[in-house]
Amino acid sequence: MKQKKNKEMAAKPSSKAISKAEALAVHLISGFGLSVAFWVAHNVHSITLTSHPSHTLCLIWVFECPAVILLYSRYRKDHEQCSYFKAVGRGLLGLPAGALINALGAIVLGAPAGIQYLPKTINWSLVMSLFTIVPAASVFGSSWTDWQRIFAFTKPIEPVDYMICLPAHGAVIGAWFGAFPMPLDWERPWQEWPICVSYGAIVGYLVGIVASLGFILVRQHVKGD
Amino acid sequence: MGKRIWIPWAIMALQVVAILLFTRGFLLTRTELPFYSNCSDVSQSPCSYSVPETQNRNDTVDPNQQRCWSKPAVGRLVIIVFDALRFDFVAPSTFFQESKPWMDKLKLVQDMAARNASTARIFKAIADPPTTSLQRLKGLTTGGLPTFIDVGNSFGAPAIVEDNLIHQLAKNGKRVVMMGDDTWTQLFPRHFEKSFPYPSFNVRDLDTVDNGCIEHLLPFLYQEDWDVLIAHFLGVDHAGHIFGVDSMQMIEKLEQYNNVLLKVVEALERQSAPGGLHENTLLLVMGDHGQTVNGDHGGGSSEEVETSLFAVSFKNPPSSIPSEFDTSSCELDLDGRNICASSIQQLDFAVTISALLGIPFPFGSIGRVNPQLYALGVGTWNFEDGVGNSQNQSKLEQWMLNYANVLCTNSWQVKRYIDIYSASSVIGFSHEDLLHIADMYAKAEERWSLTTKKVLSHEKESHNELLPALKRQINLYSDFLASVAELARSKWTEFNLKMMGAGLGIMLISLLVHFLAIKKVKEEYGFSFTSSGDSGISFSLIFSCFMVVMRACSFLSNSFILEEGKVACFLLATTGLIKMRYSIMKKKMILEALVFLLLITICRFTIEVGLSKLAPSSEIINAYLSWMLRITAGFPVWNIVAEVIPAVSLILLAFLLRKAITGSSSEGIWKYIIMGTNISYILIAMHWASESNIFNLAEVLKGIGRNYIPRLIYAIGFGQLLLLAFNQLFNKGTSSDCSKVLYIKTVAMFSAWSSTLILLLGKQGPWIALAFVIGGYCIMRLDNIELDAKDGGSWNTMLDPIPVTQWSLFAVCLFFCTGHWCAFDGLRYGAAFIGFDDFILVPQAILLTMDTFGFSLILPIFGLPFLVARLGQTEKGKKFVLTRLSLVYMIYGLIMATSVTATIICVTMHRRHLMVWGLFAPKFVFDVAGLILTDILVCLASHYYFSQVEDDALQDPFTKDNALQDLFTKK
């Protein structure tokens, strides 16, 4: 039933096509941003996600933010009407909006809402926003049908759809599973909110990246044949 | 359809059998007897201790006034309890394979044991699990075995009602002084002459209890206004919990204890000269249980059950006991000294101490007087105070005679307990076991009469035969006592794995039957879980199964059980988010999805506040509460708001009910039922008004209001239910629209139950009821998202399992929202006393059940037709709607049964777990009670909702019913 619905909604391809190499580069750079953030946290500030979750998450989004926004804005859908800078602006707008959505979702699911958790929650949701909402905001802008297609129907068509859809879903599902160890009584520091959830989200995001690359390769391979 | 109604009954029967079997194997029960031993009882025993006495001292004093069951052998007793004292803390490291840093720290104990083995002795004391302090103290003082359910014990108060050592001490005029762990004062609230309790809750605090003990202990050793002194130190236990055994803190604690013991022994020795304060004092240093290297205890592993007991008397006994009774093993310690360690069961503690102090043995004790510990009491070496009677009797013989006599009394007391227990208890011992025991006792008894004769006749002659005869006698008694203890252990503390396995097996079969029944009915009527109806497996089915399995798996860990409410909320929120996704997909009912998510969030915070009340250490909540209190103090407006909000939600609820009924055909009894509910709501408001002190009318109502208003509300509710039942029986009027009738019936049922449940829940009641209605509405609306989108056709036969899953998760959330949790202290006893001042078992049990399961079982199950009724008017008629309803009921039942089965499996796996009695067993009891109640309610609901269709059913030939019936009769 989903498939039937989705066929009607298939968007007309209007954006710049994305090649295998470009997709690889985009994903590599976003992955690189993550690792640079961790490297800086570890070597410059000598902190880890477990010891200073708020600070480290802040570093992650600071490093990841330009990479994601600048890269994804290049593949904006409405190429003709929308300038590159407008797309960057959309991405910047999407950052707090997506953070709000993620934070609300986390609180519905049971994230602690006390004042002392506020900085952690804010930084975590900014990171999550970069994984999920921001790329879509840069690429799709206010095109509701595209948003619906990616996030409600999970029906990616073009390579850039895969690049948005799979890592985003991966990050959310990873974060969901990452919450599981939290109630256990192992009394490890990483069981605190939002450390293991962040680890789960990052792992899910990376898996999503690999999956998206795989899909793009397979698809282009099939098309080439 | 009439035939279909037996399906829930069949499933219920299977589940009840399974649960009964499993419970018989798992929950060991023992009835607490309300009897107490008295001094005068001993005259009924065959152990005529007075045989030699009548000859010697009959003229001087009445023996019963001097001594009771046995001759007091010890004047004063100092018991120092070190909580969680492992055996290897006390015994020399040479006893163990390798030396660990925490060994050999209690040097003093080893020195004393090495210096004189006949006055100081190390025992390995073996505890019976569960090895938690409270259970162990209970076991130590009653001499009985702990079980999960001590029938007759009131769940709330832990005070021991059985006969016990402390009770006997107090009754026989011994002055008991207690200091340290406040568990003692909880167990024995009125027994102590003086007590210095310190809170045992704060595990992180290593010193408060210990310092308090030390502060009081030493001065008391120089006072003479006590007979028994108990000092319970907690530091080692706490250090183990926090830092583990292999830690600096633990070693520091042990060294501190060594110093304390040094001072205590010095004080006692200084006063132990003849005529001194401690001339005849026995010092016991003991643990109540052991601990693992990680500091855990509660389970039955050897590290946890092996604790130690160190006993010193400050007088030399004249001889040592025969080697047959000496179970000790000896090793050279690091300094090359010979140190012996004997073994004792904690079960034997109460009776041995009673024998030493000369007080009656606790009625329910099944222990045996331990020979080595008994021999430490110097008094036991003299048969009578006027020793001179028989110079030809060696000291050893005197002791043996004395010991045999005590064992005789001991055996008689145990036999009396077993007899009375099996006569009065429902679940007693088997007949063969009892016969075997009686036989052993009779043999020992017979021998005893021979032996005593021998003692009399051989008194003045050579008595070469006396010693062997006494030994045989002692062995006979010991065998008898050992077999009683073994029998009691197997009945009271060992799991019956076969029964548990059988129960689990039947439970799994019932799940399979449940599943097959759903499948059968589904296929019979062409329902499917997908809209297209081809594959039979859809995302929603997989997702629901995943959620149910997730929840079931979460019971495998104790932490998840502790946080069960949050886990349920998490899963419910996930389903809510998935539904949100659907509604975005269809661009419909986004508002409902949002409201539902908001509701879940509110539920979640309610649960968290409820949970934080459990943990008193939660600082944020305390701060928050005090902040709230300050606000309320500042502005009386808040008080009024707190009073008004429940009233507003009550009015809202009444309005909703009225609206629900007027929207449909409001005729006949439905109108009266809603009216009755409205009156009840007004009465509830009046009841609350009478309890609060804002309104002045409170004074007027106070006299009549307190008990009569609640009772009136119960009566109205009961009347409404009766009315509904009668309507069901006699009014078979055929209605045009089955869906609508179903809807009205559901509303009527809800309104009939709601008033009572709201009253029981108190001020939070209206809001919870409102949440229930809103949540149910949202689930129902969201269920219809896809259905409305399609036009006719396939949705009629589509059955989405997600709403049912949501419904059950929502019910679980409401259970925790209403301030319950799966433990006996999670029961809200206060609810049972609304409308009643005195304790009357039956009504209060019913009220408590209704309060506990009201919003988590009763309302959700009776409200389940809500999911079906508003589905839209189908063309296919009653039969169709009702089949759908029965499917929904079966799926709901299956979800419940799955989670209970998971609990059962987890309880089986964790039966030796540390928390089995603290966490898993209460959870099991709650789940099992909930499942049986669910089954009953599903059956009742089936009768209530389905019977009207019988006329219809006759028109449709149900040929396949027979096949289904065959399927079931095979089982």
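1. The largest share of the lining of the second largest cavity comes from α34(B), which supplies five residues. Helices here are DSSP runs (H or I, at least four residues), numbered from the N terminus. A cavity is a set of points on a 1 Å grid over the protein atoms alone where a 1.4 Å probe fits but cannot get out, and lining residues have an atom within 4 Å of a point. α1 (6-26), α33 and α34 of chain B each give at least two residues to this lining.

2. The model is predicted: local features need pLDDT of at least 70, side-chain atom pairs count only at pLDDT 80 or more, and totals for chains, interfaces and linings use all residues. Residues are numbered from 1 along each chain as its sequence is written, chains are lettered from A and ligands numbered from 1 in the order in which they are written, and side-chain values use heavy atoms, with hydrogens and water left out.

3. The second largest cavity has a volume of about 160 Å³, a volume being the space filled by probe spheres set on the grid points, which are joined across faces, edges and corners. Its lining holds 14 residues, and Ile7(B), Pro8(B), Tyr889(B), Met890(B) and Val938(B) are the closest to its centre. By class, eight of the lining residues are nonpolar, four polar and two charged. Ala, Val, Leu, Ile, Met, Phe, Trp, Tyr, Cys and Pro count as nonpolar, Asp, Glu, Lys and Arg as charged, and the others, Gly among them, as polar.

4. In total, the structure contains 13 cavities of 30 Å³ or more. The largest cavity has a volume of about 240 Å³. Of the 20 residues that line the largest cavity, Arg551(B), Val812(B), Phe853(B), Met896(B) and Asp927(B) lie nearest its centre. Two or more lining residues come from each of α29 (801-817), α31 (841-863), α33 (878-909) and α34 (916-946) of chain B. The lining of the largest cavity comprises 12 nonpolar, four polar and four charged residues.

5. The contact between the chains (heavy atoms within 4.5 Å) involves 28 residues from chain B and 23 residues from chain A. Together, chain B and chain A bury about 2300 Å², of which 67% is on carbon and sulfur atoms. Buried area is the accessible area (1.4 Å probe) that two parts lose on being put together, summed over both.

Methods. 1 Å grid on protein atoms, 1.4 Å probe; cavity = no way out; pocket = protein on both sides within 12 Å on 5 of 7 lines; lining within 4 Å.
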